[in-house]
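Trainee: I am new to this structure and would like a close look at one part of it. Please take me through that part step by step.

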Amino acid sequence: RSTYYYCVVTNTLNGTTAETVSATAKIEVTPVVYEYDVYIYEGDEWVGTRVTSENADDVLQDGGTVSYDASTCTLTLDNAKIAGILTYGNERKTLTINVVGECTVESQRYNAVNLQASTSLSGTTRVYNKDKLVITGDGHLSVKALSGSSTAGITAYDDVTIDGANVDIIANGIAIAVQEQT
């Protein structure tokens, strides 16, 4: 979505001033799109929808069942039915999932809520990047990971907190797996 600014040219000749809008002298301004380390999966797709500053208010373009507030790292599920949530740990954040209404995260392929970890170098020191998870809200969240014997409902490399939300987890493997990063 670009915004165009047109130049107004003012000419004065023999005491008469005229202004004209130049259709050829225009400036196109394209806003910066920020990409966040949050992906939402639907159905059995292999590549999720990345949350950006452009789609944050309605990530799935379905009327707002999934939205994201980057200033608080809050992902709101509002009567959402999705197949997965994924982060790579690149932002070292506390991801808050705010549950509104009846929500389902049901994965047929992967762990349903998957907060992965990443590493980077600061000089010669390895830095481990990982996200924390807080699930909150007045709604009900049903998490299902039904693929294979080792899938987990929720995986993370840091703290997982359920604060006030009603959460049910069904997994063929483990309900919640907090892994160690080595």
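Which strand gives the most to the lining of the largest pocket?

Mentor: The model is a predicted one, and in it strand β8, residues 84-87, gives the most to that lining, with 3 residues. The pocket holds about 170 Å³ of space. Its lining is made up of 17 residues, and those nearest the centre are Tyr41, Gly84, Ser107, Tyr110 and Asn111. By residue type, the lining has 7 nonpolar, 7 polar and 3 charged members.

From strand β8 the chain can be followed into the loop between β8 and β9, where Lys93 is found. Lys93 is buried, because its relative accessible area is 7%, under the 20% cut-off. Its side chain forms a salt bridge with that of Asp37, at 3.6 Å from N to O. This pair links distant parts of the chain, since Asp37 is in strand β3 (residues 35-41), 56 residues apart from Lys93. Asp37 is also buried, at 2% relative accessibility.

Lys93 has a salt bridge with Asp131 as well, with the closest N and O atoms 2.9 Å apart. Asp131 lies in the loop between β13 and β14, so this pair ties together parts that are 38 residues apart in sequence. Asp131 counts as buried, at 1% relative accessibility.

Another partner of Lys93 is Glu91, at 3.4 Å from N to O. Glu91 is partly exposed, because its relative accessible area of 33% falls between 20% and 50%. Taken together, Asp37, Glu91, Lys93 and Asp131 are linked in a network of salt bridges. The count of salt bridges in the model comes to 4.

Notes
Residues numbered from 1 in each chain as written. Predicted model: local features only at pLDDT ≥ 70, side-chain atom pairs only at ≥ 80, totals over all residues. Heavy atoms only, no water. 1 Å grid on protein atoms, 1.4 Å probe; cavity = no way out; pocket = protein on both sides within 12 Å on 5 of 7 lines; lining within 4 Å. Points joined across faces, edges and corners; volume = space filled by probe spheres on them. Helix = DSSP H or I, 4+ residues; strand = E, 2+ residues; numbered from the N terminus. Nonpolar A, V, L, I, M, F, W, Y, C, P; charged D, E, K, R; others polar. Buried < 20%, exposed > 50% of the residue type's maximum accessible area, 1.4 Å probe, protein only.
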